[in-house]
Amino acid sequence: MVLLLGLQSLWWLGVLAAFSRQLWLAKSRRNYQFIAILLVMMLLNLSFLLLAHADMPDYAAHLSHSMILMFCLLMGIVGARVIPFFTARATATTQSSTPRLNKIVLFVSLPATALFVSSGFYPPLFSPGYLMLLSALLHLLRLGLWFTPKLLKHPLLWSLHLSYLAMALGLMLMAISLLTGLLYFKDMLHLVAISAMAAMMLSMMARVSLGHTGRPLLVSNLLTLSFAAVLLSGVARTLAVLLAKPLLLWQLSGALWLVAFLIFIRVYLPILTSPRLDGRPG
């Protein structure tokens with residue numbers, strides 16, 4: 001266990017050191033907030049390992065759930081920067097700027113996450129579900145302001161928008177679970193973990209890989225299928241506990257996940273192992 005903790009700590013410290021160095025050299029003060037978020041994620045990860053080793057599964061599970069909310073926090077910050085920007089560029093429309101709303105979202109999301117993390121160890125003054133529900137509604141409002149019908153023609157855009165929508169709906173379902181007990185909290189997490197996190201990563205990897213290899217920001221129908229598959233994978237896994245055929249939906253979810261990332265590897269392996277099309281350094 002000591003070896004595992006040591007190796008995991010070294011990995012986190014290496015990531016933090018490399019990331020901090022890049023921000024320092026670039027004098028990117030606006031991104032210093034990500035260092036603090038990564039530090040918290042490191043502490044959650046290491047604490048999870050310690051609690052699991054100490055045979056305290058309930059506390060360990062709570063920290064794993066808390067990590068999903070940390071990813072929501074990250075996606076909310078990054079999404080607010082890239083989604084409206086990418087949308088405006090690809091659709092030749094005016095970028096929807098929401099600086100005040102962005103601050104409000106962060107002002108609500110931070111205490112919502114902190115309250116949820118602490119609620120697993122100390123009785124909260126009130127349920128974190130209230131703040132999580134408010135955060136979800138604010139995310140939906142912001143997404144609505146970013147929307148333009150023109151984005152529906154661009155898979156690299158609608159995949160980002162739908163993954164952000166999945167995050168907001170996942171937060172809403174988790175909040176409803178905490179406030180009413182009508183839903184299974186851990187099953188609602190999958191909408192965020194798969195349809196939001198994995199789908200946003202897949203979409204961003206697809207776009208960035210094209211841009212950094214000097215290729216047009218266009219994707220094939222096959223990759224469009226990949227985006228749809230990973231989004232539906234999370235939906236299937238979330239519905240599994242609510243419908244009469246949970247095993248079938250679990251299997252379907254796993255199959256869709258595999259199909260999505262196998263397609264990505266098939267399409268992007270030749271791209272990432274070939275020179276840039278424009279001859280410039282990568």
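How are H2 and H3 oriented to each other? H2 and H3 run roughly antiparallel to each other (over 145 degrees, where under 35 would be roughly parallel, 65 to 115 roughly perpendicular and the rest oblique). This is a predicted model, so local features need pLDDT of at least 70 and side-chain atom pairs count only at pLDDT 80 or more, while totals for chains, interfaces and linings use all residues. Residues are numbered from 1 along each chain as its sequence is written, and side-chain values use heavy atoms, with hydrogens and water left out.

**Overall build**
- The protein chain has nine helices and zero strands, with helices (H or I, at least four residues) and strands (E, at least two) taken as DSSP runs numbered from the N terminus.
- With a radius of gyration of 20 Å, close to the 19 Å from the globule rule for 282 residues, the chain is as compact as a globular protein of that length; the radius is taken over C-alpha atoms, and the rule is 2.2 Å times the number of residues to the power 0.38.
- The C-alpha trace spans about 55 × 45 × 40 Å along its principal axes.

**H2 against H3**
- The axes of H2 (residues 33-53) and H3 (residues 57-91) come within 9 Å and cross at roughly 165°; axes are lines fitted to C-alpha atoms, for helices over the stretch in contact, and angles run from 0 to 180 degrees between N-to-C directions.
- H2 passes H3 in a left-handed crossing, which means the near helix is turned anticlockwise from the far one by less than a right angle (clockwise would be right-handed).

**H7 against H9**
- For H7 (residues 185-211) and H9 (residues 246-272), the axes come within 11 Å and cross at roughly 10°.
- That makes H7 roughly parallel to H9.
- Residues of H7 including Ile 194, Leu 202 and Met 205 meet a set in H9 that includes Trp 257, Phe 261 and Phe 264, where contact means heavy atoms within 4.5 Å.

**Two loop residues with positive phi**
- Most residues other than glycine have a negative phi.
- Lys 27 has a positive phi of about 55° without being a glycine, and this residue is in the loop between H1 (2-26) and H2.
- Lys 27 counts as exposed, at 70% relative accessibility.
- Ala 92, also not a glycine, has a positive phi of about 55° and is in the loop between H3 and H4 (99-119).
- Ala 92 is exposed, with a relative accessible area of 69%.

Methods. Buried means under 20% relative accessible area, exposed over 50%, partly exposed in between (1.4 Å probe, protein chains only).
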